[in-house]
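The sequence and model come first, followed by the description.

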Amino acid sequence: MNTLPHLAQAINAPPRAVSLAFTWRRLCLMPPLTLAVSSILLLQPLYAQKRRDAVLQLRDDVSTAMAHISLTEKQTQKLDRCRQTLLLAAQSGRVRKSVSKRDLDAAVRDIEKAINAPPFQADDRNLVRDDIAQLRAIERNQQVKRASR
């Protein structure tokens with residue numbers, strides 16, 4: 001039983017005739033469908049990247065502010081834990097949730113309380129406040145988008 005000639009016939013056979021109307025309809029639907037799917041897929045990573053950048057910027061500015069002053073051991077430990085939480089929040093994605101939103105919010109509140117203490121310089125204080133405001137604005141915009149869906 002030799003199947004090689006049948007295989008050669010199947011490969012060399014002309015393609016089936018497809019109606020022109022079906023092909024035209026399919027071609028007209030592809031661009032809008034492709035645009036819709038790609039916009040959905042691209043918007044979520046954009047939000048995640050903005051949030052990640054804001055969290056990392058906050059962490060860097062807190063580190064800089066800590067370097068400019070001398071803190072007590074207790075203050076240093078608290079801010080180090082907050083910085084660690086920020087780093088874990090920046091690294092966590094949809095697959096692995098190592099830091100909950102509650103933990104991140106608590107860390108941001110602790111940073112906000114600590115940065116308002118007298119030893120911090122005004123410039124550093126303003127940078128950290130701006131970073132916190134930016135992070136909160138990004139999260140607020142995402143919540144509004146989710147609620148409107």
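A residue is called buried when its relative accessible area is under 20%, exposed when it is over 50%, and partly exposed in between (1.4 Å probe, protein chains only). The model is predicted: local features need pLDDT of at least 70, side-chain atom pairs count only at pLDDT 80 or more, and totals for chains, interfaces and linings use all residues. Residues are numbered from 1 along each chain as its sequence is written, and side-chain values use heavy atoms, with hydrogens and water left out.

The protein has five helices and zero strands, in the order α-α-α-α-α along the sequence. Helices (H or I, at least four residues) and strands (E, at least two) are DSSP runs numbered from the N terminus. Of the 149 residues, 23% are buried. The accessible surface is about 11200 Å², with 59% belonging to carbon and sulfur atoms; areas come from the Shrake-Rupley method with a 1.4 Å probe. Contact means heavy atoms within 4.5 Å. Among contacts between residues at least 6 apart in sequence, 67% join residues at least 24 apart.

In helix 3 the buried residues are Leu79, Cys82, Arg83, Thr85, Leu86, Ala89 and Ala90. They cover an arc of only 155° around the axis, and therefore lie on the same side of helix 3; the arc is that of the directions from the helix axis to the C-beta atoms. The face turned away from this buried side carries the exposed residues Glu73, Lys74 and Arg81.

Arg83 of helix 3 counts as buried because its relative accessibility is 19%. Beyond neighbours within four places in sequence, Arg83 contacts Arg59, Val62, Ser63 and Met66.

A nonpolar core is a set of buried Ala, Val, Leu, Ile, Met, Phe, Trp, Tyr and Cys residues joined through side-chain atoms within 4.5 Å. The largest has 24 residues, and Leu58, Val62, Leu86, Val108, Ile111 and Val128 have the most contacts inside it. Helix 2 (20-67), helix 3, helix 4 (101-115) and helix 5 each supply at least two residues of this core, with helix 2 giving the most, seven residues.

Val128 is among the buried residues of helix 5. Not counting residues up to four places away in sequence, Val128 touches Leu58, Asp61, Val62, Ile111 and Ile115.
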